[in-house]
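Subject: Structure for you to look at

Hello,

Here is the structure you will be working from. My notes on it follow below.

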Amino acid sequence: MILKEKNLEMENFDTLSQAIDGLRKQGYVEDFNLKQNCLECRQGQFKIFHDEFEIDKVYRFDVMTDPDDQSILYAISSDKYRLKGLLVNAYGIYSDPLADEMIEKLRHH
C-alpha cells in the first residue's frame, strides 16, 4: 500500500518485500540504519545528516493479521554522497531517542 510519493509515477506494492524488490531495481540499493541524528550505511562508512538527504517515496504497510508486521518503508536519496537506499521502520519510530531534525524530516512524509 502506498502512503505518499513525490514527483514520481504512482506505484502500488502489496507487501513490504515486493516494495523492497521493486525499489532496488530502481537503484535504491543501500540499506540505511537510523541513528539518533543521522542515517548510516555501509557499516558506518557514510553518516548522512537530515539536510543531506531527501525522502523520495514513503510506503506504509498495515498487516491486519499481525500488528508486529506494520512498517514504513522510506526510499531515500542523497545527492551529496550519490547514494540511494531504503530505510525500514516500525510504526513506533518516534519513541526512539532521535534528534528533533530527524523526527521532523521523517514525520512530514
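A residue is called buried when its relative accessible area is under 20%, exposed when that area is over 50%, and partly exposed in between. Glu30, with a relative accessible area of 10%, is therefore buried. Please keep in mind that this is a predicted model.

Confidence

The chain has a mean pLDDT of 82, and 75% of its residues reach 70 or more. Strand S2 (residues 30-31) has the highest confidence, at 98, while strand S1 (residues 2-5) has the lowest, at a mean of 43. Over residues 1-9 pLDDT stays under 50, although the model gives this stretch 30 contacts beyond four places in sequence. Where pLDDT is low, the predicted coordinates should not be read in detail.

Nonpolar cores

The largest nonpolar core is made of 15 residues, and Leu39, Tyr74 and Ile76 have the most contacts inside it. At least two residues of this core come from each of the strands S4 (38-41), S5 (46-49), S6 (54-61), S7 (71-78) and S8 (83-90), and from helix H2 (100-107). The biggest contribution to this core is that of S7, with three residues. Apart from this core lies another, of ten residues, including Leu23, Tyr59, Phe61 and Leu86.

Leu39 is worth a look on screen. Leaving out residues up to four places away in sequence, Leu39 touches Phe32, Asn33, Leu34, Phe46, Lys47, Ile48, Phe53, Ile76, Leu87 and Met102.

Helix H2

The buried residues of H2 are Met102, Ile103, Lys105 and Leu106. Viewed down the axis of H2, these buried residues fall within an arc of 165°, so they line one face of the helix. They pack against strand S3 (33-34) and against S4, S6, S7 and S8.

Salt bridges

The count of salt bridges comes to five. Three of them are described here, among them a pair that involves helix H2.

Arg42 and Glu30 form a salt bridge in which the closest N and O atoms are 2.7 Å apart. Arg42 sits in the loop between S4 and S5 and Glu30 in strand S2, so this pair ties together parts that are twelve residues apart in sequence. Arg42 is partly exposed, at a relative accessible area of 41%, whereas Glu30 is buried, at 10%.

Glu52 and Lys80 form a salt bridge whose closest N and O atoms are 2.7 Å apart. Here the partners are both in loops, Glu52 between S5 and S6 and Lys80 between S7 and S8, so the pair ties together parts 28 residues apart in sequence. Glu52 is buried, with a relative accessible area of 15%, but Lys80 counts as exposed at 55% relative accessibility.

The side chains of Glu54 and Lys105 also meet in a salt bridge, at 4.0 Å from N to O. This pair links distant parts of the chain, with Glu54 in strand S6 and Lys105 in helix H2, 51 residues apart. Glu54 is partly exposed, with a relative accessible area of 41%. Lys105 has a relative accessible area of 17% and is buried, so it belongs with the buried residues of H2 listed above.

Regards

Methods:
Residues are numbered from 1 along each chain as its sequence is written. This is a predicted model: local features need pLDDT of at least 70, side-chain atom pairs count only at pLDDT 80 or more; totals for chains, interfaces and linings use all residues. Side-chain values use heavy atoms; hydrogens and water are left out. A nonpolar core is a set of buried Ala, Val, Leu, Ile, Met, Phe, Trp, Tyr and Cys residues joined through side-chain atoms within 4.5 Å. Buried means under 20% relative accessible area, exposed over 50%, partly exposed in between (1.4 Å probe, protein chains only). Helices (H or I, at least four residues) and strands (E, at least two) are DSSP runs, numbered from the N terminus. Contact means heavy atoms within 4.5 Å. pLDDT is the predictor's confidence in each residue, from 0 to 100. The arc is that of the directions from the helix axis to the C-beta atoms.
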